[in-house]
Amino acid sequence: MSEPQITLTENAARRVASIAERQQKPAILRLSVDGGGCAGFTYRFELADAQEDDDAVAETDGVRLVVDPVSLDLLKGSAVDFVEDLGGAAFRVTNPNAESGCGCGS
């Protein structure tokens with residue numbers, strides 16, 4: 001297996017495991033990129049029931065992050081973290097490919 005093209009932090013893995021347990025679903029987080037948002041793209045997170053054959057997979061502490069091939073082109077080298085601060089709690093993508101960012105959290 002090759003080096004993962006995207007990573008899931010331990011903090012994010014713990015959060016996914018907690019949510020998945022509450023919803024009685026597998027601990028699989030799907031990340032995809034949609035058009036829209038103030039920077040041209042938004043990240044979409046959802047619990048997945050299974051991974052697809054062509055998904056890229058990163059695994060941390062038994063939790064899988066899956067990304068479809070089209071989204072992966074925009075996400076290579078990214079890390080998914082879960083952060084809690086005064087603005088709230090959210091999954092955050094640190095994407096070295098993003099040309100611009102914005103403060104809206106998308």
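Reply: One term first: two strands pair if DSSP finds at least two bridges between them. The model is a predicted one.

Me: In the hairpin of β4 and β5, which residue takes a positive phi?

Reply: Strand β4 covers residues 56-60, and strand β5 covers residues 63-67. The two pair in the antiparallel sense over five bridges. Ala 56 stands opposite Val 67, and Thr 60 has Val 63 as its bridge partner. Two residues lie between the strands, and the positive phi, near 50°, belongs to Asp 61.

Me: How many of the residues of β4 are buried?

Reply: A residue is buried when its relative accessible area is under 20%. Strand β4 has five residues, and it is largely enclosed by the rest of the structure because the number that are buried is four.

Me: What is the order of the strands in the open sheet?

Reply: The sheet has four strands with mixed pairing. β3 and β4 each have a single partner strand, so they stand at the edges and one side of each is left without a neighbour in the sheet. From one strand to the next, the twist averages 25°. The order is β3-β2-β5-β4.

Me: At about what angle does α1 run to β3?

Reply: Helix α1 takes up residues 10-23. The helix lies across β2, β3, β4 and β5. Its direction relative to β3 is at about 50°.

Me: How far does α1 reach from its first C-alpha to its last?

Reply: The helix has 14 residues. At 1.5 Å a residue, 20 Å is expected, and the model comes close to that with a reach of 20 Å.

Me: Is Ala 20 buried or exposed?

Reply: Ala 20 sits in α1. Leaving aside neighbours within four places in sequence, Ala 20 is in contact with Lys 25, Pro 26, Ala 27 and Leu 47. Its C-alpha is separated by 9.7 Å from that of Val 63, which is 43 residues away along the chain. Since its relative accessible area is 1%, Ala 20 is buried.

Me: Which residue just after α1 takes a positive phi?

Reply: The helix ends at residue 23. The positive phi that comes just after α1 is about 50°, and the residue is Gln 24.

Me: Which residue forms a salt bridge with Arg 30?

Reply: The structure holds three salt bridges. In the one formed by Arg 30, the closest N and O atoms are 2.6 Å apart. The pair links distant parts of the chain, 25 residues apart: Arg 30 is in strand β2, and its partner is in the loop between β3 and β4. Both residues are buried, and the partner is Asp 55.

Me: How far apart are the closest N and O atoms of Arg 44 and Asp 34?

Reply: Arg 44 lies in strand β3 and Asp 34 in strand β2, so the pair ties together parts that are ten residues apart in sequence. Arg 44 counts as partly exposed at 39% relative accessibility, and Asp 34 does so at 27%. The closest N and O atoms of this salt bridge are apart by 3.5 Å.

Me: Which residue forms a salt bridge with Asp 85?

Reply: Strand β6 (residues 79-85) also pairs with strand β1 in the parallel sense, and β6 and β7 form a hairpin with two residues between them. β6 and β7 pair in the antiparallel sense over seven bridges. Asp 85 is partly exposed, with a relative accessible area of 45%. Its salt-bridge partner, at 3.8 Å between the closest N and O atoms, is Arg 92.

Notes. Residues numbered from 1 in each chain as written. Predicted model: local features only at pLDDT ≥ 70, side-chain atom pairs only at ≥ 80, totals over all residues. Heavy atoms only, no water. Buried < 20%, exposed > 50% of the residue type's maximum accessible area, 1.4 Å probe, protein only. Contact = heavy atoms within 4.5 Å. Expected span 1.5 Å × (residues − 1). Salt bridge = Lys/Arg side-chain N within 4 Å of Asp/Glu carboxyl O. Axes fitted to C-alpha atoms, helices over the stretch in contact; angles between N-to-C directions.
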